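Here is a brief report on one protein model with a ligand. Look through the sequence and the coordinates before reading on.

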Amino acid sequence: MDDIYNRIIAGICDRNRISSEVSLRQYLRHLQPHALKLWQSYRNDNVTVDYTDFDTQAAYLLRYYPLYAAMTRQIFEDLNQNILFSTQHIQACFFGAGPAPETVGLITYLEDNFPCLLSAQFKIYDIAADSWRHSRRITNNYLIKEYFLGLCKLNASPIDLLDINTFEPIEYDITNSMIFVFQNCLNEMGNDLNTFLKNIGFLVRKMPRRSILIIADQSNYRSSNRLMNRIESYILAMRQGNIMRSHTQGGITFQSRDLLPPIPVVIKKYLLTGEHGLIPRHSVDFNYLAFRKNAK
Ligand SMILES: C[S@@+](CC[C@H](N)C(=O)[O-])C[C@H]1O[C@@H](n2cnc3c(N)ncnc32)[C@H](O)[C@@H]1O
């Protein structure tokens, strides 16, 4: 993920019509309270964040996004020998994906490991899909197009994962996808989780044979760990396939320096300055479960 930070900065500058280093510095300074507010929100076990404002999104893109793109890539590397794609085209669905760093993690993994892949179609679902559109444009225009030589299409639709039968309208997309990812959204699901589980049940029933479902989240949220446990038991009880990787195998940690370029000086000087609540993150602790639908 060469240059991921600078590409994100270029996308943010384009969106905000920032054309000089001085204006960029001012803008990054202006983002500090947004970054602080995000950090404070993520310190709660049950997270509620209003992502509608682009400044909040920009803080997310610069602070968390590269790490979460790397997290998705790590998951696919970890599953590597169990995944074999022989097709030239792949379709994948990402739920609670917001700006969709998962797509960058997956496409860089596929680009490096499956040279036969010519095109990809990524379906992004999020309760705030409309609000995230500027950030998704950065994902598409500044990252995916740079990292993938083939043709990649991103389509986004609003979906509330807590709505009853929320996946019924997208059944066609589900039955045509081989990869399904829920990443870093479990702790935003609140407490009434029965509907969420039923929705996962629908997804598991409709997923094509041999397709893969991945549920991944930060290790340090009790709410997410509990939910991951419930999801795994729920899916197992459905007897529709195998757990390729159980969350009970425990968390995985990676250091950003091993997977990402260094954070540019301008970000460290004007946004993630090292002050309380603005300390750049250098590692990620996450856990995940992966399920594969039966071949018949
Ligand atoms: C922390 S962000 C994670 C974004 C991305 N998956 C990543 O790894 O960076 C959580 C996302 O979950 C979405 N979300 C929260 N509640 C949701 C719900 N009920 N249905 C769908 N998406 C939801 C938010 O809008 C947000 O984009």
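## Confidence

This is a predicted model. The mean pLDDT of the protein is 94. Of its residues, 99% reach 70 or more. Among the elements, S4 has the highest mean pLDDT, at 98. H9 has the lowest, at 93.

## Ligand shell

The ligand is surrounded by 18 residues. Gly96, Gly98, Ile127, Asn184 and Cys185 are the closest. By residue class, the shell holds 10 nonpolar, 4 polar and 4 charged residues.

## Helix H8

Helix H8 runs over residues 194-206 and has 13 residues. At 1.5 Å a residue, H8 should span 18 Å. The C-alpha atoms at its ends are 19 Å apart, which agrees.

Which residues of H8 are buried? They are Phe196, Asn199, Ile200, Leu203 and Val204. These residues cover an arc of only 140° around the axis, so they sit on the same side of H8. They pack against four elements: helix H7 (171-175), strand S4 (179-183), strand S5 (212-218) and helix H9 (222-238).

The cut-off for a buried residue is 20 or more. Not counting residues up to four places away in sequence, valine 204 touches Leu213, Ile235, Met238 and Gln240. Isoleucine 174 is 30 residues from valine 204 along the chain, and their C-alpha atoms are separated by 9.4 Å.

Helix H4 covers residues 65-79, which makes 15 residues.

How many residues of H4 are buried? The count is 12 of the 15, so H4 is largely enclosed by the rest of the structure. The buried residues run from Tyr65, Pro66, Leu67 and Tyr68 through Ala69, Ala70, Met71 and Thr72 to Arg73, Gln74, Ile75 and Phe76.

Helix H3 (residues 54-63) is mostly covered too. In H3, 8 of the 10 residues are buried. They are Thr56, Gln57, Ala58, Ala59, Tyr60, Leu61, Leu62 and Arg63. Their cover includes H1, helix H2 (21-41), H4, H6 and helix H11 (265-270).

## Partly exposed residues

Histidine 134 lies in helix H6 (residues 133-147). Histidine 134 is partly exposed, with 17 other C-beta atoms within 10 Å. Leaving aside neighbours within four places in sequence, histidine 134 is in contact with Arg15, Phe54 and Gln57. Gln57 is one of the buried residues of H3. Leucine 28 is 106 residues from histidine 134 in sequence, and the two are 17 Å apart in space, C-alpha to C-alpha.

Proline 264 sits in the loop between helix H10 (256-259) and H11. Proline 264 is partly exposed, with 15 other C-beta atoms within 10 Å. Beyond its neighbours within four places in sequence, proline 264 is in contact with Tyr5, Asn6 and Ile9. Valine 49 is 215 residues away from proline 264 in sequence. In space, the C-alpha atoms of proline 264 and valine 49 are 26 Å apart.

The table collects these C-alpha separations.

| Pair | Apart in sequence | C-alpha to C-alpha |
|---|---|---|
| Valine 204, isoleucine 174 | 30 residues | 9.4 Å |
| Histidine 134, leucine 28 | 106 residues | 17 Å |
| Proline 264, valine 49 | 215 residues | 26 Å |

## Positive phi values

Aspartate 3 has a phi near 65°, a positive value in a residue other than glycine. Its place is in the segment before helix H1 (4-16). Is aspartate 3 buried or partly exposed? Aspartate 3 is partly exposed, with 15 other C-beta atoms within 10 Å.

Asparagine 165 is not a glycine, yet its phi is positive, at about 55°. Asparagine 165 belongs to the loop between strand S3 (151-158) and H7. Asparagine 165 is exposed: 10 other C-beta atoms lie within 10 Å.

Notes. Residues are numbered from 1 along each chain as its sequence is written. This is a predicted model: local features need pLDDT of at least 70, side-chain atom pairs count only at pLDDT 80 or more; totals for chains, interfaces and linings use all residues. A residue is near a molecule or strand if its C-beta atom, placed from the backbone, lies within 6 Å of it. Ala, Val, Leu, Ile, Met, Phe, Trp, Tyr, Cys and Pro count as nonpolar, Asp, Glu, Lys and Arg as charged, and the others, Gly among them, as polar. Helices (H or I, at least four residues) and strands (E, at least two) are DSSP runs, numbered from the N terminus. The expected span of a helix is 1.5 Å times one less than its number of residues. The arc is that of the directions from the helix axis to the C-beta atoms. Two residues are in contact if their C-beta atoms, placed from the backbone, lie within 7 Å. pLDDT is the predictor's confidence in each residue, from 0 to 100.
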